[in-house]
Amino acid sequence: MARPENVLAIIEREGKKRAKRFLSKLPENTGTLLELDHLFFISICLVLGAVTGFLGGLLGIGGGVIVVPALIILFDVTDLFPSDQFPANTGTLLAIGTSLSTIIFTTASAAYAQIRRGMVEWLVVRRWVVFLSVGSLGSSYVASGLSDFFLKVFIATLVLFVACVMLTSWKPSPSRDLPGRFLSALLASIGGMVAGIAGIGGANIVVPTLIYFNAPILRATATASAVGPAIAFFGTIGYIYRGTENDVPNSWGYVYLPATISIVTASILLAPFGVRIAHKLPSAPLRKAFGLLMIIVALRVVWSIQY
């Protein structure tokens with residue numbers, strides 16, 4: 001009489017068969033989600049935060065122009081939000097909302113420092129900050145109604161614009177005085193809307209605008225830093241509210257909390273180091289290298305539309 005197989009061996013063999021049958025019935029893109037190590041994702045975000053903080057201190061650029069495309073690519077590669085479970089634009093909206101949430105913290109220290117130095121144009125702040133905030137708050141309503149295709153093209157275009165500025169050292173010609181109340185309200189509302197849709201905060205919008213209206217570069221930068229936290233804060237509130245309709249794990253609306261915490265922590269730690277290095281290295285080659293990198297990033301964002 002043949003000896004019966006070990007009961008545990010039979011259970012193990014049958015269990016493996018059932019597991020294989022279960023996995024074979026899942027959508028193809030589920031494999032990426034199952035294999036994604038949460039700790040590894042946080043590690044990537046820590047690196048992203050470190051790079052953002054360092055380059056922000058080194059080149060004086062806003063972190064959003066790095067964080068938004070990087071998170072779009074990261075969410076796309078890891079397939080954290082598959083299209084059969086979430087709306088197609090979920091990953092892009094989370095990238096934008098998360099970026100704005102990080103800017104609240106990363107710009108606060110810069111704003112405080114600029115205020116202490118007395119470089120802020122308070123007339124511009126008083127005229128612009130409310131309308132910048134309203135535009136940023138409303139941006140989430142506009143962005144959530146746009147297709148993923150349009151959002152990615154818009155963000156890629158803005159990243160390419162920043163890249164061109166970095167490569168050419170282009171600056172608007174200072175030819176006019178600061179605008180009056182009506183034009184200030186209009187420009188600030190549009191600027192806040194654009195900044196909120198792109199998730200970039202206000203520096204890349206406010207600084208060129210103020211320079212065009214004959215504001216000195218240092219005062220333009222200081223004023224942009226002063227209004228930056230308000231733009232980011234109200235933009236974040238909008239994305240949190242608009243995202244409550246979608247039940248996304250580990251998120252608060254359209255703010256992905258693991259990414260926010262990791263990026264903010266690393267960025268704040270590395271920003272002072274970038275500032276110190278900036279005083280020791282020539283900025284022109286670094287700006288051009290960053291411009292080339294941004295072109296690659298923009299193209300990768302566009303590529304994610306097709307694949």
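Start by selecting Ala156, which sits in helix α7 (residues 148-168). Helices here are DSSP runs of H or I with at least four residues, strands are runs of E with at least two, and both are numbered from the N terminus. Ala156 has a relative accessible area of 2%, so it is buried; buried means under 20%, exposed over 50%, and partly exposed in between, with a 1.4 Å probe and protein chains only. Now show what surrounds it: apart from neighbours within four places in sequence, Ala156 is in contact with Ala298, Val301 and Val302, contact meaning heavy atoms within 4.5 Å.

A word on the ground rules before moving on. This is a predicted model, in which local features need pLDDT of at least 70 and side-chain atom pairs count only at pLDDT 80 or more, while totals for chains, interfaces and linings use all residues. Residues are numbered from 1 along each chain as its sequence is written, and side-chain values use heavy atoms, with hydrogens and water left out.

Stay in helix α7 and select Phe154. Is Phe154 buried or partly exposed? Its relative accessibility is 23%, so Phe154 counts as partly exposed. Beyond neighbours within four places in sequence, Phe154 touches Val194, Ile197 and Ala198.

Next, select helices α9 (residues 203-212) and α10 (residues 217-243) together. Their axes come within 9 Å and cross at roughly 145°; axes are lines fitted to C-alpha atoms, for helices over the stretch in contact, and angles run from 0 to 180 degrees between N-to-C directions. Which residues make the contact? On α9 they are Ala203, Val206, Val207, Leu210 and Ile211, and on α10 they are Ile217, Ala220, Thr221, Thr223, Ala224 and Val227. Colour them by type and you will find 9 nonpolar, 2 polar and no charged residues. In this scheme Ala, Val, Leu, Ile, Met, Phe, Trp, Tyr, Cys and Pro are nonpolar, Asp, Glu, Lys and Arg are charged, and the others, Gly among them, are polar.

Most residues other than glycine have a negative phi. Asp79, in the loop between α4 (64-78) and α5 (90-117), has a positive phi near 55°, and at 17% relative accessibility Asp79 is buried. Asn250, in the loop between α10 and β1 (251-252), has a positive phi near 60°; with a relative accessible area of 45%, Asn250 is partly exposed.

Now colour by pLDDT, the predictor's confidence in each residue, from 0 to 100. The protein averages 79, and 82% of the residues score at least 70. Confidence is lowest in helix α2 (residues 30-35), with a mean of 46, and highest in strand β2 (residues 255-256), at 94. Over residues 29-36 the pLDDT is below 50, and it also stays under 50 over residues 1-5.

Finally, zoom out. The protein has 12 helices and 2 strands, and 45% of its 307 residues count as buried.
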